[in-house]
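Take a look at the chain below. The report then goes through its fold, its cores and a handful of residues.

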Amino acid sequence: MIIDYIRNFCIIAHIDHGKSTLADRLLELTKTVSEYGNKDQLLDDMDLERERGITIKSHAVQMEYRYKNQVYILNLIDTPGHVDFSNEVSRSIAACEGALLVVDCTKSVQAQTISNLYLALKKNLVIIPILNKIDLPHSRSECVEEIIELVKCKSKDIISVSAKNGLGIKEVLDQIVKRIPPPKGDPNAPLQAMIFDSLYNPFTGVLAYFRVKNGYIQKGQKLRFMSTGKIYCAYEIGTLKLKRISKDRIETGDVGYVVSGIKNTYEVKVGDTITDAKYPASKAISRFEEVKPMVFSSVYPINSDKYEELRSSMEKLQLNDAALTFSPESSPALGFGFHCGFLGLLHMEIVIARLKREYGISVIITIPNVSYRIFMKKKMIIVNHPSNFPEVEKIQRVEEPYVLVSILTKENFIGSIISLCIGKRGKIIGNQDYLPSGRIKVTFEMPLSEIIFDFYDKLKTISRGYASFDYTFLDYRISDLKKITVLINHQKVESLSLLVHKNEAFFMAKKICQELSVLIPKHQFSIPIQVSISGKIIARETIKALRKNVTDKCYGGDVSRKRKLLEKQKKGKKKMRKIGKVEIPSSAFMTFLKVKNL
């Protein structure tokens, strides 16, 4: 049977441990691309991925490999390594039976390596450990001990490779065929295919990437999308190589794509099940766990005429990025925009960059916030925007999200890292775990709001780049939060509001006043900048007015003439301040995001 010669696997690892380079060598050795093609990172087709040297989207590709006179179909899904894109990893794992666990032998096991491994083990994937970069002079012999301890394997099970030079790549392919089991499924059962990714093509509409669990898909077949009940025709089906290869039929266990003329992006949901419209399956495939946004921010087009264009672009991005959420909102200062949910600051940064590059839309983003639970007398509400924070007297208690933070570091940095985490309201959990390589794993419980801004940068600075961290959501806990409100010319600017812990509130209020007094340009009238906490003004700065020298042409004469001119100017400035509108440049909002980091 064809299913016996199919292998579905993914590559999981920490950032910069060689996932994409290993994928390049696998593609070359299987002759999916010409040997040592013109560019690296063949599966990273976004400009952002190439510039940053990271994988942002998971990428599927099919290879053919001859082993013992039998051709095997290998479906590879390359996955991101950054914690902000863990949803891409979980989606890839859901479509596979095995995983290549890549560890950089110069850096050893990192926090995200462990996190992604646990995701794979939870789904019962077969793990093939790979020690990469063995050609470098600074490789660590203790890496093998760490992998054995982590995967519970024997030293002979670990494949040593140099993805850059192509050493050991054939052994990797052989072990994929030998150790990863073929997919399970019934070719004669009603069609069940799970959508694990999708994207929007302006010419063909929505392309859905799927893995067939039972049955098969044929070109021209009528398909039902089970979550919406919509029926479409499979105008084109095929497999995913570096380019789409059209086929007439996709068999059980295989991975492919379908073009069915879907123009509305909301009709295709990642995790949905495709079945035959005439002979449908009785139930859908159990969906993988949906990832909930952890960081929220508002996005407004710099040009207000671009609002509808921004909406369309966000819908297309959401199709390709299931973790992105958005809903319409408006602001007196910024006009119409969207309140968006992201997995983290890097995720937010990537979305903003993609809006600019792929759709030509420049946007303003407000200060990121996490989601809080507010308990009042008769109800509980979720607040992920400071403008929705209720009045203090109505609140019984406030709860904020906490995360479990795992940090791997060298022993000589542990003191500084503990100080950093405690300063971020962290609490050490359990004992420190000592690894064979002289490194320590330490675990903290911390508020999410304390790590989404500058925590990663500070951690890398104090550890000289050696520490790595990963976090998972724990629960909500009671917290004493204060709302900081900014008033410019006595008008509230909700776009600049933020929620902070009471211990930081006074410092932040003073800092915000000082920053805005520099960021907002002078006007023809003086501009008072005030910051209030829970309704009380506690900080103020004033931007002085631009003044014309009205007495410049007064040579000599009675001094009362000059005084009269100055008094007239003073009255004009006072009147202008009442009716004048303060223009806040978009650059001020962008720079203001960094206030939290100072």
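What follows describes a predicted model, from the whole chain down to single residues.

## Overall make-up

The protein has 598 residues, and 54% of them are buried. Its secondary structure comprises 13 helices and 31 strands. Of the contacts between residues at least 6 apart in sequence, 69% join residues at least 24 apart.

## Nonpolar cores

In soluble globular proteins, nonpolar side chains tend to be buried together. Here, the largest nonpolar core has 34 residues. Cys10, Leu125, Ile127, Ile147, Val151 and Phe196 have the most contacts inside this core.

Which elements each supply at least two residues of this core? The strands are β1 (6–13), β4 (98–104), β5 (126–132), β7 (192–201), β8 (205–214) and β15 (255–259). The helices are α4 (111–122) and α5 (143–151). Helix α5 gives the most, with four residues.

## Helices α1 and α6

Helix α1 spans residues 19–29, and helix α6 spans residues 169–179. Their axes come within 10 Å and cross at roughly 80 degrees. An angle of 65 to 115 degrees counts as roughly perpendicular, so α1 and α6 are roughly perpendicular to each other. From α1, the contact is made by Leu22, Arg25, Leu26 and Leu29. From α6, the contact is made by Ile169, Lys170, Val172 and Leu173. By class, the contact has six nonpolar residues, two charged residues and no polar ones.

Isoleucine 176 also lies in helix α6. Is isoleucine 176 buried or exposed? The cut-off for buried is under 20% relative accessible area. Isoleucine 176 has a relative accessible area of 0%, so it is buried. Leaving out residues up to four places away in sequence, isoleucine 176 touches Arg7, Phe9, Leu74, Leu100 and Ile128. The C-alpha atoms of isoleucine 176 and alanine 99 are separated by 8.9 Å, although these residues are 77 residues apart along the chain.

## Cysteines

How many disulfides are there? A disulfide is a covalent bond between the sulfur atoms of two cysteines. With sulfur atoms required to be within 2.5 Å, the count comes to zero disulfides. Cysteine 143 is in no disulfide. The nearest cysteine sulfur to that of cysteine 143 belongs to cysteine 105, 5.9 Å away. Cysteine 143 has 1% relative accessibility, so it counts as buried. Cysteine 153 has a relative accessible area of 16%, so it is buried.

## Further single residues

Leucine 346 is in helix α8 (residues 345–359). Leucine 346 has a relative accessible area of 15% and is therefore buried.

Threonine 485 sits in strand β27 (residues 481–488). Its relative accessible area is 7%, so threonine 485 is buried. Which residues does threonine 485 contact, leaving aside neighbours within four places in sequence? They are Lys492, Ser497, Gln530, Val531 and Ser532.

Serine 304 lies in the loop between β17 (295–301) and α7 (307–320). Exposed means over 50% relative accessible area, and serine 304, at 55%, therefore counts as exposed. Serine 304 and glycine 335 are 31 residues apart in sequence. Their C-alpha atoms are 6.8 Å apart in space.

The accessibilities of several residues are gathered here.

| Residue | Relative accessible area | Class |
|---|---|---|
| Isoleucine 176 | 0% | buried |
| Cysteine 143 | 1% | buried |
| Threonine 485 | 7% | buried |
| Leucine 346 | 15% | buried |
| Serine 304 | 55% | exposed |
| Asparagine 69 | 70% | exposed |

## Positive phi in loops

Asparagine 69 is placed in the loop between β2 (59–67) and β3 (70–78). Its phi is near 65 degrees, a positive value in a residue other than glycine. Asparagine 69 has 70% relative accessibility, so it counts as exposed.

Where is arginine 425 found? Arginine 425 is in the loop between α9 (414–423) and β24 (427–434). Arginine 425 is not a glycine, yet it has a positive phi of about 65 degrees.

Methods. Residues are numbered from 1 along each chain as its sequence is written. Side-chain values use heavy atoms; hydrogens and water are left out. Axes are lines fitted to C-alpha atoms, for helices over the stretch in contact, and angles run from 0 to 180 degrees between N-to-C directions. Angles under 35 degrees count as roughly parallel, over 145 as roughly antiparallel, 65 to 115 as roughly perpendicular and the rest as oblique. Contact means heavy atoms within 4.5 Å. Ala, Val, Leu, Ile, Met, Phe, Trp, Tyr, Cys and Pro count as nonpolar, Asp, Glu, Lys and Arg as charged, and the others, Gly among them, as polar. Buried means under 20% relative accessible area, exposed over 50%, partly exposed in between (1.4 Å probe, protein chains only). A nonpolar core is a set of buried Ala, Val, Leu, Ile, Met, Phe, Trp, Tyr and Cys residues joined through side-chain atoms within 4.5 Å.
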